Structures are given as structure tokens and as C-alpha cells.
Amino acid sequence: MEEKWMKEALKEAKKAYEKQEIPVGAVIVKENKIIARGHNLKETKKTALAHAEIIAIQKANKKLDNWRLLDCDIYVTLEPCSMCLGAIASSRIKNVYIGTLDPKSNEDIEQKILKYKEQYGIDAKIGLMQKECEYILKDFFKNLRKNGG
């Protein structure tokens, strides 16, 4: 089931790619059903806050009419930044499933999982559909460099 939800997050990342946004996608699942989706829209919306996770969290808050996203899981194609991780923890999301780690990260997977649990109280699974999640990012940046971006 986890792979099914990550495939949906990848669909969101592809939407971002098509808009020339960094291709990151997220979906929030509750009771085995997607309740919210998001993809990066920083360039489109001209705000640093339009990350895939933040957009998905805001949609889930609206859908549930609650800031608490109890018993919800988030699937995101790229490791959340500190802003998004804070929002995930603050919204009480239970589990985070991450496609791939930020390549600039110095921590290994075990350190990351421990940090998520100890600092944020979130259970993390890292590396779900990792190759696919890495590929879309690498392809995006390769094309960006090729086109002078």
C-alpha cells in the first residue's frame, strides 16, 4: 500500500515539473484514503512557503476542518526541509514516508530516522521508491542546467 501512495506523490511531483517547479510532490493519507495533495509552487505563487508538504497540509486542514491531522500519514518524494518538517510535526502527522534524502544532507538514514523520532515524535520511513524519486529531481536539474538555468 505504501508504494501506491508514493506513486501518487510522484504524480504530484510531475505536475510541479511540468510547471518548471522543483519536482516535489506530497499526499496525505487518512484511513487508507488520500485526503490532500500538493506539489511545489514556489515560482508560480512567488512565495517561499509554497512547498508541496505545506500545500498538502493546508488542504488536509481544510478538509478535516482541524489543524490536527491525527492518524494521518504524509508521503513526500523528497526529504522535507526544516520548515516543512516543523509543519508536519506541528500538525500531529503520525508517519512520514520519504522517497529520497536531500543530497546535501550529511546524516545517514538511521540518524535521520532517529532524529525524526526523538526531536519530532514522527515515525519515518526513508527510501520508498527512491530511484524514481531521485530520477525526477536529477532529470529536472539536468534539463535546467542544459537550458542555462
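This briefing looks at one residue, I98, and at the aromatic ring pairs. Keep in mind that the model is predicted. I98 sits in strand β4, which covers residues 95–100, and the structure holds 3 aromatic pairs.

**I98 and its surroundings**
- With a relative accessible area of 0%, I98 is buried, since anything under 20% gets that label.
- Leaving aside residues up to four places away in sequence, I98 touches M6, V76, L78, E79, P80, Y116, K125, I126, G127 and L128.

**The Y75–Y97 pair**
- Among the 3 aromatic pairs in the structure is a stacked one: Y75 and Y97 have 4.3 Å between ring centres and 5 degrees between planes.
- Y75 belongs to strand β3 (residues 72–78) and Y97 to strand β4, so this pair ties together parts that lie 22 residues apart in sequence.
- Y75 and Y97 are both buried.

**The phenylalanine pair and its cluster**
- F140 and F141 form an edge-to-face pair, because their planes meet at 80 degrees and over 60 counts as edge-to-face; their ring centres are 5.1 Å apart.
- F140 is buried at 6% relative accessible area, while F141, at 30% relative accessibility, counts as partly exposed.
- Y17 joins in too: ring pairs link Y17, F140 and F141 into a cluster.

Conventions:
Residues numbered from 1 in each chain as written. Predicted model: local features only at pLDDT ≥ 70, side-chain atom pairs only at ≥ 80, totals over all residues. Heavy atoms only, no water. Helix = DSSP H or I, 4+ residues; strand = E, 2+ residues; numbered from the N terminus. Buried < 20%, exposed > 50% of the residue type's maximum accessible area, 1.4 Å probe, protein only. Contact = heavy atoms within 4.5 Å. Phe/Tyr/Trp six-rings, centres within 6.5 Å; stacked < 30°, edge-to-face > 60°.
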